[in-house]
Protein chains: 2
Amino acid sequence: MPIKAIAFDAYGTIFDVHSIATLADTFFAGRGPELSALWRVKQIDYTRLRTLSERYEPFSKVTRDALTFSARSMGLAMDEEQAEALMSEYDRLAVFADSAEALIRLKALRIPLAILSNGDPPMLHAIVTNGRLDGVFDHLLSADAVGRFKTAPEAYELGPRAFCCAVDEILFVSSNCWDACGAAWYGYRSFWINRAGAPLEELGIEPAGTGRTMHDVMAFVAAD
Amino acid sequence: MPIKAIAFDAYGTIFDVHSIATLADTFFAGRGPELSALWRVKQIDYTRLRTLSERYEPFSKVTRDALTFSARSMGLAMDEEQAEALMSEYDRLAVFADSAEALIRLKALRIPLAILSNGDPPMLHAIVTNGRLDGVFDHLLSADAVGRFKTAPEAYELGPRAFCCAVDEILFVSSNCWDACGAAWYGYRSFWINRAGAPLEELGIEPAGTGRTMHDVMAFVAAD
């Protein structure tokens, strides 16, 4: 069955979160990468806990809370200005070069494209605009619309609903293995961009495709 | 309002998971603590992902999967025998000395006691029996009964249902801050045994009480 549309995860998949560690390192010399890594772990933890417990808050709030916890946990004296600077970095993450190229080529093929992210609408609009990707995506789909974060079915349901097609006609692309697995569970054809060379999660399911960059997604779509 | 019953988390709260790192270290010299820590993180991750995605598997299966992932992720050549030995360690974890004392005293006060755990029934029965705690608990409540792991409301609901009282008449005790927060969200009076001196999670809620050992739980109950 041909791929009729593609939905992309945002953070880590299209956008490079590396710059957060760099900025954090200017504030807390030598501890930037550790803060960035812990922040990301807690951010994901909090999306899951809030969804499990039906205590939704927008991703920006969850992200800010995770930063507060992470800095405190590491014993860093982070002031409000530093926290705000780190938070605003999320609005202007660089676009991966391979992602920018692939998006342009997919757009030329007239395949409908979307972002399907935990990010709330203001975050997604800012990052797309700052990344000069205006007009590339047909839909910016946010978990905020359903008040549940991925991997809740309600969040993944946004894809087929927006594209008006069956879920197995949509390719879902993520650099987070758990996200690609969650999408596969939901029924997507999913592709894991394994940028870090990580092992597959042991969840009893595999993405339909795996590669190292967005170029591998292009090859997967072309072979379809 | 007096505390009418107490529900305890199991792993890390009543039972000490430290011996897992020790055994792992005999298999993979110098890497035991890292394997044990990663295993625990992935175990919790998988409970959350499976609950979010409505793909429940019993805790023993989730725990085994998390071990497989963790060993592979660390590049350890773990054979089936080693994996089984590590898994069976979960059935005979030591009881924390402060927990054993507190449970005996609480039992003498005739307060109804339960374990409310993600562990499946065979795991809970084994650990209680091997820890010589037979007859201490009025109920061994497993998330398996509802097919959802904590912090899903359905899992916490097992407490008031078993004790036949209002949730805010039950004290929920856990050494996992997220678990104490999840229980507080659900409506329990909750107590966090902060054995590791960790910072409070940034979830917009706090346990009703916090301490370092089960003795602090006793003091909390006595002051009630």
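## Contact between the chains

In this predicted model, 29 residues of chain B are in contact with 29 residues of chain A. About 2,900 Å² is buried between chain B and chain A, and carbon and sulfur atoms give 58% of that area. On the chain B side, the residues that lose the most area to chain A are L52(B), W185(B) and E202(B), which together make up 26% of what that side buries.

Charged side chains also link the two chains. The count between chain B and chain A is six salt bridges. K42(A) forms a salt bridge with E201(B), with the closest N and O atoms 2.9 Å apart.

## Relation of the two copies

Two copies of a chain are related by a rotation about an axis and a shift along it.

Chain A holds an open sheet of six strands in the order 5-4-1-6-7-8, with parallel pairing. Strand 5 (139-142) and strand 8 (209-211) of chain A stand at the edges with a single partner strand each, so one side of each has no neighbour in the sheet. On average, neighbouring strands of this sheet are turned by 20° against each other, direction ignored.

Strand 4 and strand 5 of chain A run parallel and are joined by four bridges. In this pair, L116(A) stands opposite L141(A) of strand 5. Helix 6 (residues 121-130) of chain A packs on the sheet and touches strand 4 and strand 5. The direction of helix 6 makes about 145° with that of strand 5 of chain A.

## Strand 1 and its neighbours

Strand 1 of chain A pairs in the parallel sense with strand 6 (residues 170-174) over four bridges, and F8(A) stands opposite V173(A) in strand 6. Three bridges join strand 1 to strand 4 (residues 113-117) of chain A, again running parallel. Here I6(A) stands opposite L113(A) in strand 4.

In a regular strand the side chains alternate between the two faces of the sheet. Both faces of strand 1 (residues 5-8) of chain A are covered. A5(A) and A7(A) are buried on one side, and I6(A) and F8(A) are buried on the other.

How values were computed
Residues numbered from 1 in each chain as written. Chains lettered and ligands numbered in written order. Predicted model: local features only at pLDDT ≥ 70, side-chain atom pairs only at ≥ 80, totals over all residues. Heavy atoms only, no water. Buried < 20%, exposed > 50% of the residue type's maximum accessible area, 1.4 Å probe, protein only. Helix = DSSP H or I, 4+ residues; strand = E, 2+ residues; numbered from the N terminus. Pairing = 2+ DSSP bridges. Axes fitted to C-alpha atoms, helices over the stretch in contact; angles between N-to-C directions. Contact = heavy atoms within 4.5 Å. Buried area = accessible area lost by both parts, 1.4 Å probe. Salt bridge = Lys/Arg side-chain N within 4 Å of Asp/Glu carboxyl O.
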